[in-house]
Amino acid sequence: MSNIVILTGAGISAESGLETFRAETGLWAQHRVEDVATPEGFARDPRLVVDFYNMRREQAEAAQPNAAHEALARLEAEHDGNLLVVTQNVDSLHERAGSRNLIHMHGALNSALCAACDHRWPASMVMNVGDKCPSCAAPAARPDIVWFGEMPYQMDQIFDALAQVDLFAAIGTSGNVYPAAGFVAEARRAGAETVEINLERSAVGSQFSNVILGPATRTVPDWVAGILKR
Ligand code: BJW
Ligand code: ZN
(Lines give C-alpha, C1' and ligand atoms only; values in the text may rest on other atoms or scores of the structure.)
(Ligands and ions follow the chains in the order given, each with its own letter.)
Protein backbone atom coordinates (compact mmCIF):
# COMPACT_ATOMS: atom_id res chain seq x y z
CA MET A 1 0.00 0.00 0.00
CA SER A 2 1.49 3.32 -0.98
CA ASN A 3 0.61 6.97 -0.55
CA ILE A 4 0.35 9.13 -3.64
CA VAL A 5 -0.03 12.92 -3.62
CA ILE A 6 -0.64 14.74 -6.89
CA LEU A 7 -0.37 18.52 -7.22
CA THR A 8 -2.07 20.00 -10.27
CA GLY A 9 -1.98 23.45 -11.84
CA ALA A 10 -3.48 25.34 -14.74
CA GLY A 11 -1.63 23.21 -17.32
CA ILE A 12 -3.84 20.19 -16.66
CA SER A 13 -6.92 22.19 -17.71
CA ALA A 14 -5.25 23.92 -20.68
CA GLU A 15 -6.38 21.27 -23.16
CA SER A 16 -9.92 21.68 -21.85
CA GLY A 17 -9.71 25.22 -23.24
CA LEU A 18 -9.01 27.11 -19.99
CA GLU A 19 -6.17 29.61 -20.13
CA THR A 20 -3.12 29.27 -17.92
CA PHE A 21 -1.78 32.27 -15.99
CA ARG A 22 1.80 32.73 -17.08
CA ALA A 23 1.70 31.80 -20.78
CA GLU A 24 2.59 34.68 -23.13
CA THR A 25 -1.10 35.20 -23.89
CA GLY A 26 -2.34 33.85 -20.54
CA LEU A 27 -4.54 35.43 -17.88
CA TRP A 28 -1.75 37.54 -16.37
CA ALA A 29 -0.99 39.01 -19.79
CA GLN A 30 -4.60 40.20 -20.00
CA HIS A 31 -5.22 41.28 -16.38
CA ARG A 32 -2.92 42.82 -13.77
CA VAL A 33 -2.38 40.31 -10.94
CA GLU A 34 -2.38 43.12 -8.36
CA ASP A 35 -5.82 44.24 -9.58
CA VAL A 36 -7.67 40.93 -9.78
CA ALA A 37 -5.90 38.49 -7.44
CA THR A 38 -5.13 40.39 -4.23
CA PRO A 39 -7.33 41.50 -1.31
CA GLU A 40 -6.10 45.07 -1.94
CA GLY A 41 -7.28 44.90 -5.55
CA PHE A 42 -10.70 43.68 -4.38
CA ALA A 43 -10.95 46.52 -1.83
CA ARG A 44 -10.03 49.07 -4.52
CA ASP A 45 -12.32 47.86 -7.29
CA PRO A 46 -14.62 44.99 -6.25
CA ARG A 47 -16.64 45.24 -9.49
CA LEU A 48 -13.54 44.51 -11.61
CA VAL A 49 -12.63 41.50 -9.49
CA VAL A 50 -16.17 40.07 -9.31
CA ASP A 51 -16.49 40.48 -13.10
CA PHE A 52 -13.13 38.75 -13.65
CA TYR A 53 -14.30 35.72 -11.66
CA ASN A 54 -17.78 35.81 -13.30
CA MET A 55 -16.00 35.50 -16.65
CA ARG A 56 -13.75 32.70 -15.37
CA ARG A 57 -16.79 30.88 -13.87
CA GLU A 58 -18.60 31.00 -17.22
CA GLN A 59 -15.55 29.63 -19.06
CA ALA A 60 -14.99 26.90 -16.48
CA GLU A 61 -18.63 25.77 -16.58
CA ALA A 62 -18.45 25.43 -20.37
CA ALA A 63 -15.24 23.35 -20.22
CA GLN A 64 -15.16 19.55 -20.06
CA PRO A 65 -12.70 17.35 -18.14
CA ASN A 66 -9.98 15.97 -20.41
CA ALA A 67 -8.10 12.66 -20.58
CA ALA A 68 -5.63 13.82 -17.88
CA HIS A 69 -8.36 14.60 -15.32
CA GLU A 70 -9.99 11.27 -16.19
CA ALA A 71 -6.76 9.34 -15.79
CA LEU A 72 -6.23 10.77 -12.27
CA ALA A 73 -9.78 9.73 -11.30
CA ARG A 74 -9.02 6.25 -12.64
CA LEU A 75 -5.80 6.12 -10.63
CA GLU A 76 -7.71 7.04 -7.46
CA ALA A 77 -10.30 4.33 -8.13
CA GLU A 78 -7.82 1.56 -9.03
CA HIS A 79 -4.71 2.33 -6.94
CA ASP A 80 -4.26 -0.02 -3.99
CA GLY A 81 -3.42 2.70 -1.44
CA ASN A 82 -4.16 6.32 -0.61
CA LEU A 83 -4.31 9.02 -3.23
CA LEU A 84 -4.83 12.73 -2.67
CA VAL A 85 -5.15 15.29 -5.45
CA VAL A 86 -4.24 18.82 -4.36
CA THR A 87 -5.25 21.26 -7.05
CA GLN A 88 -4.36 24.92 -7.36
CA ASN A 89 -7.11 25.17 -9.96
CA VAL A 90 -10.41 26.83 -9.20
CA ASP A 91 -12.33 24.97 -11.93
CA SER A 92 -14.24 21.79 -11.00
CA LEU A 93 -12.85 19.53 -13.74
CA HIS A 94 -11.22 17.07 -11.31
CA GLU A 95 -14.45 16.37 -9.42
CA ARG A 96 -16.44 16.25 -12.67
CA ALA A 97 -13.99 13.60 -13.92
CA GLY A 98 -14.58 11.57 -10.75
CA SER A 99 -11.77 12.53 -8.34
CA ARG A 100 -13.06 12.31 -4.77
CA ASN A 101 -10.12 12.79 -2.41
CA LEU A 102 -9.44 16.32 -3.58
CA ILE A 103 -8.32 19.60 -2.00
CA HIS A 104 -8.89 22.94 -3.74
CA MET A 105 -6.04 24.79 -2.04
CA HIS A 106 -6.70 28.08 -3.93
CA GLY A 107 -10.50 27.95 -3.60
CA ALA A 108 -13.24 27.31 -6.14
CA LEU A 109 -15.18 29.37 -8.68
CA ASN A 110 -18.44 27.64 -7.75
CA SER A 111 -18.19 28.79 -4.14
CA ALA A 112 -18.90 32.16 -2.49
CA LEU A 113 -17.38 33.31 0.80
CA CYS A 114 -18.67 35.84 3.33
CA ALA A 115 -15.89 38.30 4.18
CA ALA A 116 -17.74 39.11 7.42
CA CYS A 117 -18.40 35.66 8.93
CA ASP A 118 -16.51 33.15 6.69
CA HIS A 119 -19.71 31.32 5.75
CA ARG A 120 -19.50 29.53 2.36
CA TRP A 121 -22.28 28.75 -0.10
CA PRO A 122 -22.63 27.74 -3.78
CA ALA A 123 -21.89 30.80 -5.90
CA SER A 124 -24.48 31.93 -8.42
CA MET A 125 -23.19 31.98 -12.01
CA VAL A 126 -23.13 35.78 -11.88
CA MET A 127 -22.10 37.25 -8.55
CA ASN A 128 -22.68 40.92 -7.75
CA VAL A 129 -20.80 43.30 -5.52
CA GLY A 130 -22.59 43.51 -2.17
CA ASP A 131 -24.48 40.20 -2.52
CA LYS A 132 -25.88 39.29 0.91
CA CYS A 133 -24.51 36.42 2.97
CA PRO A 134 -27.27 33.81 3.51
CA SER A 135 -26.00 33.23 7.07
CA CYS A 136 -25.33 36.69 8.59
CA ALA A 137 -26.98 38.92 5.94
CA ALA A 138 -23.92 41.18 5.64
CA PRO A 139 -23.50 42.52 2.06
CA ALA A 140 -20.04 40.95 2.08
CA ALA A 141 -20.01 38.13 -0.51
CA ARG A 142 -16.73 37.61 -2.35
CA PRO A 143 -15.45 34.89 -4.67
CA ASP A 144 -14.12 31.97 -2.58
CA ILE A 145 -10.65 32.32 -4.09
CA VAL A 146 -7.27 32.45 -2.32
CA TRP A 147 -5.55 35.65 -3.43
CA PHE A 148 -1.89 36.59 -2.99
CA GLY A 149 -1.12 37.23 0.67
CA GLU A 150 -3.99 34.99 1.83
CA MET A 151 -3.54 31.59 3.43
CA PRO A 152 -4.25 28.66 1.08
CA TYR A 153 -6.86 26.17 2.31
CA GLN A 154 -6.36 22.88 4.19
CA MET A 155 -2.61 23.31 4.59
CA ASP A 156 -2.54 21.05 7.67
CA GLN A 157 -4.05 18.13 5.74
CA ILE A 158 -1.72 18.78 2.81
CA PHE A 159 1.43 18.81 4.95
CA ASP A 160 0.24 15.70 6.85
CA ALA A 161 -0.16 13.88 3.52
CA LEU A 162 3.24 15.10 2.26
CA ALA A 163 4.94 13.87 5.45
CA GLN A 164 3.89 10.31 4.56
CA VAL A 165 4.02 10.40 0.77
CA ASP A 166 5.72 7.66 -1.26
CA LEU A 167 5.08 9.11 -4.72
CA PHE A 168 4.60 12.82 -5.43
CA ALA A 169 3.67 14.14 -8.87
CA ALA A 170 3.29 17.77 -9.96
CA ILE A 171 1.30 18.20 -13.16
CA GLY A 172 0.95 21.38 -15.24
CA THR A 173 2.19 23.90 -12.69
CA SER A 174 4.96 26.43 -13.29
CA GLY A 175 6.43 26.27 -9.77
CA ASN A 176 6.25 30.02 -9.30
CA VAL A 177 3.66 30.25 -6.53
CA TYR A 178 4.32 29.23 -2.93
CA PRO A 179 3.55 27.31 -0.81
CA ALA A 180 2.61 24.85 -3.63
CA ALA A 181 6.02 25.22 -5.29
CA GLY A 182 7.60 24.00 -2.04
CA PHE A 183 5.67 20.70 -1.93
CA VAL A 184 8.34 18.84 -3.92
CA ALA A 185 10.89 19.71 -1.22
CA GLU A 186 8.53 18.38 1.48
CA ALA A 187 7.98 15.18 -0.50
CA ARG A 188 11.73 14.66 -0.92
CA ARG A 189 12.17 15.14 2.82
CA ALA A 190 9.67 12.29 3.30
CA GLY A 191 11.79 10.12 0.99
CA ALA A 192 9.26 10.09 -1.83
CA GLU A 193 9.84 9.44 -5.51
CA THR A 194 9.03 12.71 -7.27
CA VAL A 195 7.90 13.31 -10.84
CA GLU A 196 7.18 16.49 -12.75
CA ILE A 197 4.77 16.25 -15.71
CA ASN A 198 4.68 19.43 -17.77
CA LEU A 199 5.18 20.85 -21.25
CA GLU A 200 8.54 22.21 -20.11
CA ARG A 201 10.63 22.15 -16.95
CA SER A 202 9.13 24.32 -14.22
CA ALA A 203 10.92 26.81 -11.96
CA VAL A 204 11.47 24.00 -9.41
CA GLY A 205 11.99 21.26 -12.03
CA SER A 206 15.53 20.46 -10.91
CA GLN A 207 14.19 19.17 -7.58
CA PHE A 208 12.27 16.25 -9.13
CA SER A 209 13.78 12.79 -9.54
CA ASN A 210 11.88 12.26 -12.84
CA VAL A 211 10.56 14.63 -15.47
CA ILE A 212 8.04 13.75 -18.18
CA LEU A 213 7.62 16.40 -20.85
CA GLY A 214 4.60 16.70 -23.15
CA PRO A 215 0.92 17.68 -23.18
CA ALA A 216 -1.00 16.39 -20.15
CA THR A 217 -3.70 14.59 -22.15
CA ARG A 218 -1.00 12.32 -23.56
CA THR A 219 1.54 12.10 -20.73
CA VAL A 220 -0.81 11.68 -17.76
CA PRO A 221 -2.81 8.69 -19.07
CA ASP A 222 0.48 6.95 -20.01
CA TRP A 223 2.01 7.69 -16.61
CA VAL A 224 -1.13 6.43 -14.81
CA ALA A 225 -1.14 3.23 -16.85
CA GLY A 226 2.50 2.67 -15.83
CA ILE A 227 1.77 3.21 -12.11
CA LEU A 228 -1.17 0.80 -12.19
CA LYS A 229 1.04 -1.90 -13.76
CA ARG A 230 3.64 -1.70 -10.96
C1 BJW B 1 0.98 22.35 -19.47
C2 BJW B 1 0.10 22.36 -20.56
C3 BJW B 1 -0.33 21.11 -21.02
C4 BJW B 1 0.56 24.41 -20.08
N5 BJW B 1 0.10 19.99 -20.44
N6 BJW B 1 1.39 21.23 -18.91
C7 BJW B 1 7.77 31.88 -0.41
C8 BJW B 1 8.69 32.37 -1.31
C9 BJW B 1 8.34 33.39 -2.16
C10 BJW B 1 7.06 33.96 -2.12
C11 BJW B 1 6.14 33.50 -1.23
C12 BJW B 1 6.51 32.47 -0.38
N13 BJW B 1 5.42 32.18 0.38
C14 BJW B 1 4.40 32.98 0.04
C15 BJW B 1 4.79 33.80 -0.94
C16 BJW B 1 3.93 34.84 -1.54
C17 BJW B 1 3.02 34.33 -2.62
C18 BJW B 1 3.88 33.83 -3.77
O19 BJW B 1 4.09 32.67 -3.98
N20 BJW B 1 4.37 34.74 -4.58
C21 BJW B 1 5.18 34.36 -5.74
C22 BJW B 1 4.63 35.06 -6.96
C23 BJW B 1 6.62 34.59 -5.44
N24 BJW B 1 2.09 33.28 -2.18
C25 BJW B 1 0.95 33.58 -1.55
O26 BJW B 1 0.64 34.73 -1.29
C27 BJW B 1 0.06 32.43 -1.16
N28 BJW B 1 -0.28 32.53 0.20
C29 BJW B 1 0.59 32.27 1.18
O30 BJW B 1 1.74 31.96 0.97
O31 BJW B 1 0.04 32.36 2.44
C32 BJW B 1 0.93 32.34 3.55
C33 BJW B 1 1.13 33.78 3.92
C34 BJW B 1 0.06 34.61 4.02
C35 BJW B 1 0.24 35.93 4.37
C36 BJW B 1 1.52 36.41 4.60
C37 BJW B 1 2.61 35.55 4.50
C38 BJW B 1 2.41 34.21 4.16
C39 BJW B 1 -1.28 32.50 -1.92
C40 BJW B 1 -1.13 32.22 -3.36
C41 BJW B 1 -2.47 32.42 -4.07
C42 BJW B 1 -2.34 32.18 -5.57
N43 BJW B 1 -3.51 32.62 -6.21
C44 BJW B 1 -3.63 32.47 -7.66
C45 BJW B 1 -4.89 33.24 -8.16
C46 BJW B 1 -6.16 32.76 -7.53
C47 BJW B 1 -6.79 31.60 -8.24
C48 BJW B 1 -7.37 31.96 -9.58
O49 BJW B 1 -7.69 33.12 -9.86
O50 BJW B 1 -7.50 31.03 -10.38
O51 BJW B 1 -3.67 31.09 -7.99
S52 BJW B 1 -2.23 33.04 -8.58
C53 BJW B 1 -2.28 31.82 -9.82
O54 BJW B 1 -1.04 31.09 -9.77
C55 BJW B 1 -3.40 30.85 -9.40
C56 BJW B 1 -2.72 29.52 -9.63
O57 BJW B 1 -3.36 28.53 -8.85
C58 BJW B 1 -1.30 29.79 -9.25
C59 BJW B 1 -0.33 28.79 -9.83
O60 BJW B 1 -0.29 28.87 -11.23
P61 BJW B 1 -0.08 27.56 -12.12
O62 BJW B 1 -1.23 26.66 -11.93
O63 BJW B 1 1.26 27.01 -11.87
O64 BJW B 1 -0.23 28.16 -13.59
P65 BJW B 1 0.91 28.79 -14.56
O66 BJW B 1 0.21 29.52 -15.65
O67 BJW B 1 1.92 29.54 -13.80
O68 BJW B 1 1.67 27.53 -15.16
C69 BJW B 1 1.03 26.61 -16.03
C70 BJW B 1 1.99 25.47 -16.30
O71 BJW B 1 1.32 24.50 -17.08
C72 BJW B 1 3.24 25.88 -17.07
O73 BJW B 1 4.38 25.34 -16.41
C74 BJW B 1 3.06 25.26 -18.46
O75 BJW B 1 4.28 24.79 -19.03
C76 BJW B 1 2.17 24.08 -18.14
N77 BJW B 1 1.30 23.66 -19.24
N78 BJW B 1 -0.11 23.65 -20.97
C79 BJW B 1 1.00 20.08 -19.43
N80 BJW B 1 -1.17 21.01 -22.12
ZN1 ZN C 1 -21.76 36.15 6.67
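**Close-up views of a predicted model**

**View 1. Surroundings of ligand 1.** In this predicted model, a backbone N or O atom of alanine 10 lies 2.8 Å from an oxygen atom of ligand 1, which falls within the limit for a polar contact (a pair of N or O atoms within 3.5 Å; within protein, one must be able to donate a hydrogen and the other to accept it, and residues adjacent in sequence count only if both atoms are side-chain atoms). A polar backbone atom of glycine 11 is 3.5 Å from an oxygen atom of ligand 1, and a nitrogen atom of the ligand has a polar side-chain atom of glutamate 15 at 2.9 Å. Of the 1,500 Å² of accessible area that ligand 1 has on its own, the protein covers 75% (Shrake-Rupley method, 1.4 Å probe; for residues, only the protein chains shown count as cover). Helix H1 (11–14) and helix H5 (46–62) are the elements that give two or more residues to the shell around the ligand; helices are DSSP runs of H or I with at least four residues, strands are runs of E with at least two, and both are numbered from the N terminus. The shell holds 35 residues, the closest being Arg22, Arg56, Glu150, Ser174 and Asn198, where a residue is counted if one of its heavy atoms lies within 4 Å.

**View 2. Aspartate 91 in its loop.** Aspartate 91 is found between strand S2 (81–87) and helix H7 (93–97). Its side chain makes a polar contact with the side chain of serine 13 at 2.8 Å and reaches the backbone nitrogen of leucine 93 at 3.0 Å. Aspartate 91 is buried yet has no salt bridge, and the nearest side chain of opposite charge, arginine 96, is 7.1 Å away. Here buried means under 20% relative accessible area, exposed over 50%, and partly exposed in between (1.4 Å probe, protein chains only); Lys and Arg count as positive and Asp and Glu as negative, while His and the chain ends are not counted. A salt bridge is a side-chain nitrogen of Lys or Arg within 4 Å of a carboxyl oxygen of Asp or Glu.

**View 3. Tryptophan 147.** Tryptophan 147, in the loop between strand S6 (141–145) and helix H8 (155–163), is buried, with a relative accessible area of 2%. Leaving aside neighbours within four places in sequence, the residues in contact with tryptophan 147 include Val36, Pro39, Phe42, Tyr53 and Arg142, contact meaning heavy atoms within 4.5 Å. Histidine 106 is 41 residues from tryptophan 147 in sequence, with 7.7 Å between their C-alpha atoms.

**View 4. Salt bridges.** The whole structure has eight salt bridges. Within helix H5, arginine 47 and aspartate 51 meet at 3.0 Å, N to O; because they are four residues apart in this helix, about one helical turn separates them. Arginine 230 pairs with glutamate 193, the closest N and O atoms being 2.9 Å apart. Since arginine 230 lies in the segment after helix H10 (216–229) and glutamate 193 in strand S8 (residues 193–198), the pair ties together parts that are 37 residues apart in sequence. Arginine 230 is exposed at 65% relative accessible area, whereas glutamate 193 is partly exposed at 28%.

**Notes.** Residues are numbered from 1 along each chain as its sequence is written, and chains are lettered from A and ligands numbered from 1 in the order in which they are written. Local features need pLDDT of at least 70 and side-chain atom pairs count only at pLDDT 80 or more, while totals for chains, interfaces and linings use all residues; side-chain values use heavy atoms, with hydrogens and water left out.
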